[in-house]
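Here are a few friendly notes to read alongside the structure. Take them one at a time and find each residue as you go.

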Amino acid sequence: MIIHHLGEKPSILNRFVAELRDVNVQKDRMRFRTNLERIGEILCYEMSKFLQYKSEIVTTPLGEKKVEIPKDDVVICSILRAGLALHQGLMNYFDNADNAFISAYRKHTSETDFDILVEYLASPSLENKILFLADPMLATGRSFVNVYNALNSLGKPKEIHLFAVIGAQEGIDYLEKNFPEDTHLWIATTDPKLNEKGYIIPGLGDAGDLAFGYKMQQ
């Protein structure tokens, strides 16, 4: 796996991540969603430098100009529901992309153990397309892997790009074992560990709840 850790170099990205973590700023749900969207845009812009491009001629009121635009078709897939705001950031820059949505949630079997269940999928064909797979929190890595396995029947992507905001090293290691070697991971920052319930420490809490409101536990 090819890992792009954007937070290793200081930039305005760090401010958006800091606000996501801050318990006082978290009280503003709209700002929380906006920061996820902003981070999605930054990750997406950096990723765009690695795509293949083709030349096109654009006609202006005063003449013509050759420009380089992305060559391949893109499918943006977000993991519901936490991935929706991050998805919007990716879609802001790839507004012509096809879109896919898939659910993945923790079904607790005990106080500290859980399964990742995938129950809903709406997606176009992925055959020979560039797949963007977005989920803000990369904890155990099992959501990304289970979703990827569920998408396998829809065709083989030309490239796979994973997008996350915060990741634990354990989850990153799990992805490296379960995704193709040429998969790209675009991530804003990493944290050292998970707690006994599989949440990132220090992390930021439950991104889905902070963005969209608290849910009943299953």
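Predicted model: local features only at pLDDT ≥ 70, side-chain atom pairs only at ≥ 80, totals over all residues.

**Notes on salt bridges and cores**

1. Glu19 sits in helix α1 and Arg31 in helix α2, 12 residues apart, so the pair links distant parts of the chain. Glu19 is buried, at 13% relative accessible area, whereas Arg31 is partly exposed, at 29%. Arg15 joins Glu19 and Arg31 in a network of salt bridges.

2. Now look at Arg81 and Asp209, whose side chains meet in a salt bridge of 2.4 Å, N to O. Arg81 is in the loop between β4 and α3, while Asp209 is in helix α6, so this pair ties together parts 128 residues apart in sequence. Here Asp209 is buried, with a relative accessible area of 6%, and Arg81 is partly exposed, with 27%.

3. The largest nonpolar core has 37 residues, and Ile39, Phe94, Phe132 and Phe163 have the most contacts inside it. Helix α2 gives the largest share of this core, 6 residues. A second, separate core has 24 residues, including Ala100 and Phe179.

4. Which residues of helix α5 are buried? They are Gly171, Ile172 and Leu175. Viewed down the axis of α5, the buried residues fall within an arc of 100°, so they line one face of the helix. Their cover includes β1, β10, α4, β11 and β12.

How values were computed:
Residues numbered from 1 in each chain as written. Heavy atoms only, no water. Core = buried A, V, L, I, M, F, W, Y, C linked by side-chain atoms within 4.5 Å. Buried < 20%, exposed > 50% of the residue type's maximum accessible area, 1.4 Å probe, protein only. Helix = DSSP H or I, 4+ residues; strand = E, 2+ residues; numbered from the N terminus. Arc of directions from axis to C-beta. Contact = heavy atoms within 4.5 Å. Salt bridge = Lys/Arg side-chain N within 4 Å of Asp/Glu carboxyl O.
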